[in-house]
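Visitor: I am new to this structure and would like to understand how its descriptions are reached. Could we take them one at a time?

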Amino acid sequence: MRKNVYYSKIADIYDRTRWLTEPIAEEVADFILTLVKATPETTFLEPGIGTGLNVLPLVKRGYSVTGIDVSQEMLNQFRQKLPKIPQNLKLIHGDASQLPFADSSFDVVLTVHMLHSVANLRMFLDEIDRVLKPKGFYLNAQWITPPARLKFEQHFRTILSKYQEPQPSQQSRKVINEINIEEYLRNQGYQCNYLIAKEWTVSNQVQELLNFYRLRAYGLCWLVPDEAFHLALKEFEVFCHDHYGSLDAELSSQARFEIWAYTAS
């Protein structure tokens, strides 16, 4: 997995700059528990667990949850959400693309918007297959960016691109990860279902989103050096005044939590 250093830099602001809130996460947890027909003995693994947004409801309900993440700072944020680390939660600081677990260790493996950061996707999927119990579930999920926020980001990317240096070719990396996940897992004997666990409305003022960028809360904010970033942000603020009419303008649209559920044979 690429060591995305910016996660460590933004760990303390990660949750409030994303659009999955704890109440929504509770509803998603209900959906997942029903989907996998969970019992009190069901065990969960989340590689790339981060601040625990996705699995905190499972931990609080007493399910056995193991998480691994490359960022110690993100894991620390998760720990701060709990009075103490309960016996049913195990957190590991390490590379989430290399799973240090025995064969057939977990009933459910959950990945949420993290496969893009895995250097060798085929090898990682084989690892998931290895640590899953027979009849287990691999849930590959993502929170889909609300369209209004995505459009806002695209405007900034356009401006930011003028300040970027040419990047070296990523062709070798793309070749390693250029596989059809569903086809690959079907060939491994998995059944696949696409599901929407939750849809909800996300609203933000333009000024609030600009402030998130000032905090450099997203990966795209680290594509250029500090001086170039601040110049791009200044230009973007002028654009927002002109395009949205006011920095108090509110952007609202639908987000959703998608799951590709793969059932092991």
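Visitor: How do the residues of the lining of the largest pocket divide into nonpolar, polar and charged?

Guide: In this predicted model, the lining of the largest pocket divides into 21 nonpolar, 13 polar and eight charged residues. Among the 42 residues that line the largest pocket, Tyr6, Tyr7, Arg18, His113 and His116 lie nearest its centre, and helix 6 gives the most to the lining, with four residues.

Visitor: Why is helix 6 called oblique to helix 10?

Guide: The axes of helix 6 (residues 147-160) and helix 10 (residues 226-244) come within 9 Å and cross at roughly 130 degrees. Angles over 145 count as roughly antiparallel and those of 65 to 115 as roughly perpendicular, while the rest, apart from those under 35, count as oblique, and therefore helix 6 is oblique to helix 10.

Visitor: What makes helix 9 roughly antiparallel to helix 10?

Guide: Helix 9 (residues 206-214) and helix 10 pack at an angle of about 170 degrees, with their axes 11 Å apart. Because angles over 145 count as roughly antiparallel, helix 9 is described as roughly antiparallel to helix 10. In this contact, Val206, Leu210, Tyr213 and Arg214 of helix 9 meet residues of helix 10 that include Phe229, Leu233 and Glu237, and by class the contact has eight nonpolar, no polar and two charged residues.

Visitor: Which classes of residue make up the lining of the second largest pocket?

Guide: That lining has six nonpolar, four polar and no charged residues, with Trp260, Gln142 and Asn140 among them.

Key:
Residues are numbered from 1 along each chain as its sequence is written. This is a predicted model: local features need pLDDT of at least 70, side-chain atom pairs count only at pLDDT 80 or more; totals for chains, interfaces and linings use all residues. Side-chain values use heavy atoms; hydrogens and water are left out. Axes are lines fitted to C-alpha atoms, for helices over the stretch in contact, and angles run from 0 to 180 degrees between N-to-C directions. Helices (H or I, at least four residues) and strands (E, at least two) are DSSP runs, numbered from the N terminus. Contact means heavy atoms within 4.5 Å. Ala, Val, Leu, Ile, Met, Phe, Trp, Tyr, Cys and Pro count as nonpolar, Asp, Glu, Lys and Arg as charged, and the others, Gly among them, as polar. On a 1 Å grid over the protein atoms alone, a cavity is a set of points where a 1.4 Å probe fits but cannot get out, and a pocket is an open set with protein on both sides within 12 Å along at least five of seven lines; lining residues have an atom within 4 Å of a point.
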